[in-house]
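Me: I'd like to go through how two chains meet here. Can you show me the structure?
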Amino acid sequence: MTKKKMTLTLPVEENMSPGHLACQGCGAGIAMRVTLKALGKNAVLTFPACCWTIIDGPFPYSSVEVPLLHTAFETTAAAAAGIKAAMNVLGNKDTIVAGWAGDGGTFDIGLQALSGAAERNDDVFYFCYDNEAYMNTGIQRSGATPYGAWTTTTPVNHFKKESKKSIDDIVSAHKVPYHATASVAYPEDLLKKILKAKEIRGFKFIHILAPCPPGWKSKPEHTVKLARLAVQTGIFPLYEVEAGVYKQTIKTPKRKPVIEYLKLQGRFRHLTSDDVKTIQEMVDERYAELEERFNKGKQ
Amino acid sequence: MAKDRKKIEFKGIEELPPMAMSLKSMAANETGSWRNIRPVINYDKCINCMICWKFCPDAAVDIINEEPVINLTFCKGCAICAEECPTDAIDMVKEGR
Amino acid sequence: MKKVIMGNHALSYGATLARVQVIAAYPITPQTQVVELLSEIVADKKLDAEFIKVESEHSAMAACIGASTAGARTFTATSSQGLALMHELLHWAAGARLPIVMANINRALAPPWSIWTDQNDSLSQRDTGWMQFYCQSNQEVIDTLIQAYKVSEQVLMPSMIILDAFSLSHTYEIVDIPDKDLVDEFLPPFNFKYKLDVNEPRAFSGLTTPDWYMEFRVKMHEAQRSAIDIIKKEGKLFGKMFGREYSTVDPYMTDDAEIIMITSGTAASTARYTVDLLRKKGIKVGNLRMRVLRPFPFDDVRNYLSKAQKVVIIDRNISFGYHGIWSQEVKSALYGYSDVPVFSFIAGLGGRDIFPSTIEGIINKVVKLDKPEKDLYWVEVRK
């Protein structure tokens, strides 16, 4: 093999130390690492109760190398708004303020604060790393849990029959200047989105799919593969919305069948072929909906 | 504070800050003990694409002389690097006897 | 400069003089005028502050926590249901050692809905770690708000300024608004040593194991206890600079009193007036107004009550299944120090008026008894 010259597609500087407490193969670990590279050192984070509350490490240690405020479960967006207001008054307009919350703290208990901050167009980032359940407390279902998934509160005989809450549409309805979806399998795409959003003033929401091996009952080595398949099957399309205009950032002209994604996860093992068909139809419907918006955006 | 691997021991209440705040890096926590398989890079096959470095959730792949080097102090053995390597240059090898 | 203003506006002017930098508030009767005037003041650029119009009281306190950790002087105001909604975060602000100052208008808790005054809302929060100051006049409100920032920023514990709904919040009184430059001399800018700073990145309030959690609680308690002296010191300094001195308690004719009443808020003003009436009738009664609930002024309570023959506590609140909360506090302070009989009365819940005649009735009853025959006496309730 000819040795190619090394080219890095992400900034080389690490703003997160190893030694943190994420599980082996944690999607949220990849998400944070890439996000911190994009944000740089001039940033402040706030976490609600979520996996990263624990991952970052106990007192007196921390893994992230930016200032961090741990805050109560419901409050991410409100705390971020408060931090930003303080920095403004203190004359610091450059430091980026970012809320970093899990799906539970965004779709469910944190929804009110998120809506408030989005409506006020507070000049903050809001990152939701979505592992599709309350993983930190032991895999209970959340509003982000997809149709068909096993969780401890949607056991196999009562698997989740409700669809995943469409947080992106909810945020979109607030007419925020920028929101996007991302996946840990496409870190360059996530990086590009964050760098673009950094130049925008107002509320910026980025929804990152972060697979969770213990919660999804998948192999740790498959985390990136699953995050890629989610995009390639159209289950989690990657796009950005700037001032209401939709643009798909990772094209998926020939979508893979959803079974490719579902079969690698134990949380879907109980599904019958009819269930899989239902899921395929749901995904097709939603993808068609988004395609219309992508096409409108191209005009 | 970055990458400082020192642990911190408080001798008494006077040494505590007034509120819980971090004073040192989690790099003091050597997570290498977690794994039961470890990645071994075959440098003959490696093309320096750095995909292993890119995807490591633990930032446990160092870049030394423009080559990826697994940091065994922290590597948890998740095997994402081995799975994603485009030239199959990484083998996962059992730890211990 | 003297102005005729309502209690709520005394808070707005106080916050302006204290140069608060971030305000996050949600409207609730009877607090609305506080934030309405502050909105105008901020919009007119008479105060260099950011006003976040949050979508709930819980978010109001969350935003204050964020802003305070970032190093800004913060303010919010609320009442009853709003305070109750903030409860989780009251614990948070105190545990995070943030010198946030908040105004609470004492309003009865629902259900049933009520907008009138009683103290259950603030007294239910006495274990959260917040210092609590109960005001009896609009002058005291504006003066205490300024002093509270100075005390909080020294001990790093948050403060609550408390005033009665309508009796104070909406009542117009003459207030001598402190001079701006003199306030600047009294209250230096907020300079937080432990803030969110990219030059010294720290993670605040991370998971703390049983190894160290308890020591943090010890520090919080000691901070509050140390505040007793600081409250008195700053109250004295305020007196020197502004002509009105404040302490933890406010005694009236207690030196030779045989019966001493314990009251707080506007009921204390009425009690003082009634002391004069009763003295004319030959009853040697005095009033000890409680200004500070937390940190509890044990020494002052013990000293002032030491020579009384009877102590009468008038609570405008109740801890169901027990009796009034000030009663619990005072009785526990006296335990081991004095066996003076303590009579616990509950009056004025849900805004029911406490008239001078109400208090006369209470004292007339006590005069006839050697010691309390009941744990709790309900005042002027229908049979």
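Me: Which residue in β9(C) is the bridge partner of L69(A)?
Reply: F204(C) is the partner of L69(A). Bear in mind that this model is predicted.

Me: How many bridges join strand β3 of chain A to β9(C)?
Reply: Two bridges join them. Strand β3 of chain A covers residues 68–70, and the two strands run parallel.

Me: Zooming out, how many residues of chain C are in contact with chain A?
Reply: 39 residues of chain C touch 40 residues of chain A.

Me: Which element of chain C gives the largest share of that side?
Reply: α3(C) does, with nine residues. Other elements supply at least two residues each, including β2 (22–24) and α4 (80–95) of chain C.

Me: And how does that side of chain C divide into nonpolar, polar and charged?
Reply: There are 21 nonpolar residues, 11 polar and seven charged.

Me: Back to the helices. At what angle do α3 of chain A and α3(C) pack?
Reply: The angle is about 40°, and the axes lie 7 Å apart. That makes α3(A) oblique to α3(C).

Me: Is the crossing left-handed or right-handed?
Reply: α3(A) passes α3(C) in a right-handed crossing.

Me: Which residues of α3(A) and α3(C) meet there?
Reply: From α3(A), they include A78(A), G82(A) and I83(A). From α3(C), they include S59(C), C64(C) and T69(C).

Me: How many residues of that helix contact are charged?
Reply: No charged ones. The contact of α3(A) with α3(C) has 12 nonpolar residues and four polar.

Definitions and conventions:
Residues are numbered from 1 along each chain as its sequence is written. Chains are lettered from A and ligands numbered from 1 in the order in which they are written. This is a predicted model: local features need pLDDT of at least 70, side-chain atom pairs count only at pLDDT 80 or more; totals for chains, interfaces and linings use all residues. Two residues are in contact if their C-beta atoms, placed from the backbone, lie within 7 Å. Helices (H or I, at least four residues) and strands (E, at least two) are DSSP runs, numbered from the N terminus. Ala, Val, Leu, Ile, Met, Phe, Trp, Tyr, Cys and Pro count as nonpolar, Asp, Glu, Lys and Arg as charged, and the others, Gly among them, as polar. Two strands pair if DSSP finds at least two bridges between them. Axes are lines fitted to C-alpha atoms, for helices over the stretch in contact, and angles run from 0 to 180 degrees between N-to-C directions. Angles under 35 degrees count as roughly parallel, over 145 as roughly antiparallel, 65 to 115 as roughly perpendicular and the rest as oblique. A crossing is left-handed if the near helix is turned anticlockwise from the far one by less than a right angle, and right-handed if clockwise.
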